[in-house]
Amino acid sequence: MTKGCSDVVNAFEQTKAKVTIETRVKNGVNTERHELTVEGTIYNKEGTFVCTYDEQMDVGKVKTIVKISDETATIIRNGALSMRQQYVVNERINGTYTLPYGGGVPLSMTTKATRVQLTWDGKRKGTITLAYDLWIQGEFTGTYNVTMKMEGVQT
């Protein structure tokens, strides 16, 4: 069942959660699949659903914040790499991506989302789904389908 963001966030308040992120990237005939499971926190901030988690990557530790309301999502990453990108259905949105390599020079990135959705089953489980095309430095890198499954855990 799909509910409005305010229904979902009121159910969570602020909760520790198991977050499983599955990313599928299609570029031409090639498809890559990545999956990551981390502990995170999910909560309501001024009517926006927020999921935060830390991830240990090859380049170092990265803190990720995912905000979603209606058909708009924003992903902010800080730490060993940084990124700020907004996703709005059927709009091309510019953002930046910075890796520690190459002197930390920000790369331009553009996304065009085809799907931004938050679902909630009423049992402390939710899913964020993002589908978008991605361009970095003007070059098309692929079509991304990201599914974040969140399950609140009792503390």
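Mentor: T143 is partly exposed, with a relative accessible area of 28%; the term covers values between buried, under 20%, and exposed, over 50% (1.4 Å probe, protein chains only). This is a predicted model, in which local features need pLDDT of at least 70 and side-chain atom pairs count only at pLDDT 80 or more, while totals for chains, interfaces and linings use all residues. Residues are numbered from 1 along each chain as its sequence is written, and side-chain values use heavy atoms, leaving out hydrogens and water.

Trainee: In which strand does T143 lie?

Mentor: T143 belongs to strand 10. Strands (E, at least two residues) are DSSP runs, numbered from the N terminus.

Trainee: How many bridges join strand 9 to strand 10?

Mentor: Strand 9 (residues 125-136) and strand 10 (residues 139-152) run antiparallel and are joined by 12 bridges. Within this pairing, L134 stands opposite G142 of strand 10.

Trainee: Which residues is T143 in contact with?

Mentor: Contact means heavy atoms within 4.5 Å. Leaving aside neighbours within four places in sequence, T143 is in contact with R24, V25, K26, Y132 and D133. The side chains of T143 and D133 are also joined by a polar contact of 2.6 Å. A polar contact is a pair of N or O atoms within 3.5 Å; within protein, one must be able to donate a hydrogen and the other to accept it, and residues adjacent in sequence count only if both atoms are side-chain atoms. T143 and A131 are 12 residues apart in sequence, and their C-alpha atoms are 7.3 Å apart in space.

Trainee: Is T23 buried or exposed?

Mentor: T23 counts as buried because its relative accessible area is 16%. T23 is placed in strand 1 (residues 14-27), and the residues it touches, not counting those up to four places away in sequence, are E32, R33, H34, Y144, N145 and V146.

Trainee: Which residues have the most contacts inside the largest nonpolar core?

Mentor: A nonpolar core is a set of buried Ala, Val, Leu, Ile, Met, Phe, Trp, Tyr and Cys residues joined through side-chain atoms within 4.5 Å. The largest has 31 residues, and those with the most contacts inside it are C51, Y87, I128, L130 and M148. Among the residues that I128 touches are F49, V66, L118 and M148.

Trainee: How many salt bridges does a search of the whole structure find?

Mentor: Side chains of opposite charge can pair when their charged atoms come close. The criterion is a side-chain nitrogen of Lys or Arg within 4 Å of a carboxyl oxygen of Asp or Glu, and the search finds six salt bridges. One of them joins R24 to E22, with the closest N and O atoms 2.9 Å apart; R24 is partly exposed at 38%, whereas E22 is buried at 19%. A network of salt bridges links E22, R24, R33 and E35.

Trainee: What does the salt bridge of E55 and R77 tie together?

Mentor: The side chains of E55 and R77 meet at 2.8 Å, N to O. E55 lies in strand 3 (residues 48-57) and R77 in strand 5 (residues 72-79), so the pair ties together parts that are 22 residues apart in sequence. Both E55 and R77 are buried.

How values were computed
Pairing = 2+ DSSP bridges. Helix = DSSP H or I, 4+ residues; strand = E, 2+ residues; numbered from the N terminus.
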